[in-house]
Amino acid sequence: MSGSDVRLALISHTNVGKTSLARTLARSDLGEVVDAPHTTMENSQHLLAETDEGDRLLLWDTPGFGDSMKLKRRLEQRDRAVGWFLGEVWDRVTDRALYSSQQAMLAARDLADVILFQVNAAEDPEFAIQAQAELDMLSWLEKPVLLLLNQLPPHSRRAARNALVQRWEEHFGKPPVRTVLALDAYERSWVDEVRLLSAVAEQLEEPQRSAMARLIPAWQARSLERLEQSIDALSNLVVTTLRDREALTSGQPARLARIGALRRLAQRLERNVKELDAKLIRIEELEGESARRIDTALTATRSHGDRPTPLQGAAGGAAVGAGAGAAIDIALGGAALGLFTALGASLSAAAAWSWCQRAVDKRTLGWSQEFVTELLAEAVARYLAVTHHGRGRGRFRDDALDSWRELADEAVKAQQEAVDAALGKPDSTPEEDLKVEVRVAVKKVLIAALIAEYPHAEWILDSP
Ligand SMILES: Nc1nc2c(ncn2[C@@H]2O[C@H](COP(=O)(O)OP(=O)(O)OP(=O)(O)O)[C@@H](O)[C@H]2O)c(=O)[nH]1
Ligand SMILES: [Mg+2]
């Protein structure tokens, strides 16, 4: 075997988020994460990726720097005696800060080819004096440093991230820092991860540069495999929903028959959406669940929009005196809670018909194309929320969902033609063809969303 090791070390002031990022990148609940200084006390190595050629990508989690300004002053007084400092024996209990700083410097000096230095992006770079002192000390080791911004404002999209990167570049974009990247352990995506690895590759010499050229495609291939599996999951939901039919019970007043059929369709849909969430979470190797019901998700996102969507318009018009939420409730499961009896009568034909339409035989009800298009956007938002959820944050919760809906809507709109073509004729298209066509459209929408968020990453989305 002719492979090489590429070694990365996570270094930062204590409590910035090294272990959280290590968990996210290694996809495992390694180490200890606590909101307190000096939680991690020893250097530990984790395997991120390997190749058949015997290359290994290794990540070191390290204890954080303690009082770095004081330490730097002391080292400078001793004529930059890093050797002295690293040779001392510090008590890990009584000299926690010095012991941790020493471990960090040892890892940076002896265990790393590239240093990943994290800073809390909530700090103002102009006043980040601890980080400056730490970078000064690291610069004595003459190793390449990548500056990673974490703890970004929740749900920061492209423009906000770029602005932060630019501001930190202005202050820290000089040696030893080679590159500044936004990489939040809670909300990064696999596209960010591949970009991080390619930034690492740029800093390496042979033979590690070649090792990285083999490790990156391995990482990328695994990520793209997850993307393909997610596309399958989304496509299945769309095809199932497009073809779902419910018979109108005969002998009932027309409106009651329609509401009954709609309710049964909605219950199945809710189950299928939960199943989609569970699948997406499994594909990303996370744990957790989506607690929210599909009706809440569909209505909550609607109410933020400034344009009334077909769904909102229909619901608003339908529920005279009852409110849009109630109308949706009635249709999508509220009935099961007994609201049906109380409010059922206020559900007008308009509401039911905007989501549903009679099939050609006039005796069965199915979802309308408009509704399935809404559902597709919702499903894309769910994919984006799950794939951005970093393991460092623990179990998946769907509170980031709404923040992805706008991007999902735009991506659907950008691919409207493909979406319309795929969803337009569910009854006249053979099922196998329908599956293929829907899959093509879903993939186009997902890629459009990812490229809108990561415009410089088109190459990452191409198969290696
Ligand atoms: N919002 C946000 N919070 C984070 C992130 N990473 C870590 N945190 C929080 O920061 C705190 C410290 O996280 P750790 O991962 O333990 O930090 P560390 O750098 O390993 O800390 P030490 O081992 O003590 O030096 C925790 O409360 C985390 O929840 C991040 O990317 N985003
Ligand atoms: Mg730690």
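Helices here are DSSP runs of H or I with at least four residues, numbered from the N terminus. With that in hand, the tour can start.

**Whole chain.** Select everything. This is a predicted model, and the chain has an average pLDDT of 83, with 83% of the residues scoring at least 70. Next, pick out residues 295-353, where the pLDDT is below 50. In the model this stretch still has 89 contacts beyond near neighbours in sequence. Where pLDDT is low, the predicted coordinates should not be read in detail.

Of its 464 residues, 42% count as buried. Among contacts with a separation of 6 or more, 71% join residues 24 or more positions apart.

**Ligand 1.** Select ligand 1 and the residues around it; the shell holds 23 residues. Gly-17, Asp-35, Thr-39, Thr-40 and Gly-64 are the closest. Which helix gives the most to this shell? Select residues 18-26: this is α1, which contributes 3 residues. Colouring the shell by residue type gives 13 polar, 7 nonpolar and 3 charged residues.

**Helix α4.** Now select residues 96-111, the 16 residues of α4. From first C-alpha to last, α4 reaches 21 Å, close to the 22 Å expected at 1.5 Å a residue. Show the buried residues of this helix, including Tyr-99, Ser-100, Gln-103, Met-105 and Ala-108.

Note on methods
Residues are numbered from 1 along each chain as its sequence is written. Chains are lettered from A and ligands numbered from 1 in the order in which they are written. This is a predicted model: local features need pLDDT of at least 70, side-chain atom pairs count only at pLDDT 80 or more; totals for chains, interfaces and linings use all residues. pLDDT is the predictor's confidence in each residue, from 0 to 100. Two residues are in contact if their C-beta atoms, placed from the backbone, lie within 7 Å. Helices (H or I, at least four residues) and strands (E, at least two) are DSSP runs, numbered from the N terminus. The expected span of a helix is 1.5 Å times one less than its number of residues. A residue is buried if 20 or more other C-beta atoms lie within 10 Å of its own, exposed if 12 or fewer, and partly exposed in between; C-beta atoms are placed from the backbone. A residue is near a molecule or strand if its C-beta atom, placed from the backbone, lies within 6 Å of it. Ala, Val, Leu, Ile, Met, Phe, Trp, Tyr, Cys and Pro count as nonpolar, Asp, Glu, Lys and Arg as charged, and the others, Gly among them, as polar.
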